Amino acid sequence: MNRRNAVFALALSLTLGASAARAADANTVYLDTKDGRVTIELRPDIAPKHVKQLKTLIAQGFYNGLKFHRVMDGFMAQTGDPKGNGTGGSSLPDIPAEFSSAQFRRGTVGMARSSDPNSANSQFFICLGDASFLNGQYTVVGLVSDGMDAVDKIKKAAPGVAGGAVQNPDKIVKMQLAEKAK
């Protein structure tokens with residue numbers, strides 16, 4: 001390979017590498033808690049409508065300051081309700097279910113919903129342990145790639161509390177898209 005071709009090949013690989021990095025950042029979310037940063041890799045390949053809605057809400061700052069209102073030890077930590085009690089959502093329309101073969105395991109991020117499979121809106125949860133009983137029943141939207149230690153420190157409901165309601169719950173400090181992070 002001559003020098004000119006070598007320079008072109010290097011420039012092309014750097015450009016493609018930067019494009020790949022931007023594409024990855026476009027689906028990476030930083031969720032900051034009082035105990036550290038949680039990095040979530042969104043899955044538009046299996047839940048494009050849900051991911052689009054989450055990204056819209058994140059860009060609006062919707063999640064900043066919201067409570068982890070439902071946290072059950074060994075199961076999940078739920079947030080995304082502006083009312084803070086599990087009954088609220090955003091002003092955006094609900095999203096039809098996008099069930100997939102993705103498994104609910106520790107670190108999986110799923111969309112919360114009512115008994116209607118097409119009622120997901122803004123609430124989501126992070127699995128603290130494996131939850132195979134949710135497979136095919138809830139939409140998987142992502143996976144925690146870093147920071148499960150911070151997720152594990154989110155304040156949990158007292159044992160035996162119905163529905164996992166947390167007294168004086170922890171909050172999302174800030175949630176942002178990696179590509180726009182400051």
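The chat below goes through the aromatic rings of a predicted model.

User: What should I keep in mind about the model and the numbering?
Analyst: This is a predicted model in which local features need pLDDT of at least 70 and side-chain atom pairs count only at pLDDT 80 or more, while totals for chains, interfaces and linings use all residues. Residues are numbered from 1 along each chain as its sequence is written, and side-chain values use heavy atoms, with hydrogens and water left out.

User: How many aromatic pairs are there?
Analyst: The count comes to 5 aromatic pairs, where rings of Phe, Tyr and Trp (its six-membered ring) pair if their centres lie within 6.5 Å, and planes under 30 degrees apart count as stacked, over 60 as edge-to-face and the rest as tilted. One of them is F62 with Y63, which is edge-to-face at 5.1 Å centre to centre with 90° between the planes.

User: Is Y63 buried or exposed?
Analyst: Y63 is buried, with a relative accessible area of 0%; buried means under 20%, exposed over 50% and partly exposed in between, using a 1.4 Å probe and protein chains only.

User: Which residues make up the cluster?
Analyst: Ring pairs link F62, Y63 and F124 into that cluster.

User: And why is the pair of F104 and F125 stacked?
Analyst: Their ring centres are 5.8 Å apart and their planes lie at 25°, so the pair counts as stacked. F104 is buried at a relative accessible area of 1%, and F125 is buried at 4%.

User: Switching topic, where does the charged end of R37 sit?
Analyst: The charged end of R37 sits over the ring of Y30, 4.2 Å from its centre, the rule being that NZ of Lys or CZ of Arg is within 6 Å of the ring centre and within 35 degrees of the ring normal. R113 lies over the face of Y138, at 4.1 Å from the ring centre.
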